[in-house]
Amino acid sequence: MHSEHRPPLERFTAALDDLECGVTRTTRSELPAVLESVVDPPAVGVPLESVAADVSIPSWIDTDPTPATLEAATTGVTPAVLGIADYGSVLIPERPAGAEPVSLFPDTHVAVLEASAIVPDVRTAVDRLAPRLRRGESAILATGPSATADMGALVRGAHGPKHVHVIVLEDADTGDTGVENSNAGDIEEVHT
């Protein structure tokens, strides 16, 4: 756990470093170039409209994967609607397009997250998740690469991605500094 005195975005990126995850802080306009630099094709993905209405996924990422293209993909790109600063965790919401398999099957998972969606701790995250869970929705709360030591030595990628990279959108045009939006009661109100 990191110092409570640092801003959530700073703690979040430090936690990702501790987990040996990649992290890139960028703007909406630079997102396509960042995706080209961190995504290893062939790639599958989920539309990013749940991050922000003005953010889209590039056409070279397959957003309608078949079981065969999902199995062949080396990278899966998904939106994340929440980040937890203390642990570097991201919340991948359930989507009809299949965010869960896209985040779990390829060797690398790239999550795209708004800086304003980073909350300081688990208590705040649970408060934000409560309305969604009461509606019967589900989500994956992912913290770093998949790893297990059940058979002795640590093995990465046994039950999910071997590598994780989080792209944090800080938009200079909106003055987004990664400080939590205290007016947001429900995750969907923050990102739609």
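Which residues point one way from strand 6, and which point the other way? Thr108, Val110, Val112 and Glu114 go one way, while His109, Ala111 and Leu113 go the other, and all are buried. Keep in mind that this is a predicted model.

**Strand 6 and its partners**

- Strand 6 covers residues 108-114 and is mostly covered, with 7 of its 7 residues buried.
- Strand 3, made of residues 75-79, runs parallel to strand 6 and is joined to it by 5 bridges.
- If you want a spot to look at in that pairing, take Thr75, whose bridge partner in strand 6 is Thr108.
- Strand 11 pairs with strand 6 too, again in the parallel sense, this time over 7 bridges.
- Within strand 11, His165 is the residue standing opposite Val110.

- Strand 4 (residues 82-84) and strand 5 run antiparallel and are joined by 3 bridges.

**The largest pocket**

- The largest pocket comes out at a volume of about 180 Å³.
- Its lining takes in 18 residues, and those nearest the centre are Leu104, Ala142, Thr143, Gly144 and Pro161.
- Two or more lining residues come from each of strand 5 (89-93), helix 4 (99-104), strand 8 (139-142) and strand 11 (163-169).
- Strand 11, then, both lines this pocket and pairs with strand 6.

**Thr124 in helix 5**

- Thr124 sits in helix 5, which spans residues 122-134.
- Is Thr124 buried or exposed? Its relative accessible area is 18%, and the cut-off for buried is under 20%, so Thr124 counts as buried.
- The side chain of Thr124 also makes a polar contact of 2.7 Å with the side chain of Asp121.

Definitions and conventions. Residues are numbered from 1 along each chain as its sequence is written. This is a predicted model: local features need pLDDT of at least 70, side-chain atom pairs count only at pLDDT 80 or more; totals for chains, interfaces and linings use all residues. Side-chain values use heavy atoms; hydrogens and water are left out. On a 1 Å grid over the protein atoms alone, a cavity is a set of points where a 1.4 Å probe fits but cannot get out, and a pocket is an open set with protein on both sides within 12 Å along at least five of seven lines; lining residues have an atom within 4 Å of a point. Grid points are joined across faces, edges and corners, and a volume is the space filled by probe spheres set on the points. Helices (H or I, at least four residues) and strands (E, at least two) are DSSP runs, numbered from the N terminus. Buried means under 20% relative accessible area, exposed over 50%, partly exposed in between (1.4 Å probe, protein chains only). A polar contact is a pair of N or O atoms within 3.5 Å; within protein, one must be able to donate a hydrogen and the other to accept it, and residues adjacent in sequence count only if both atoms are side-chain atoms. Two strands pair if DSSP finds at least two bridges between them.
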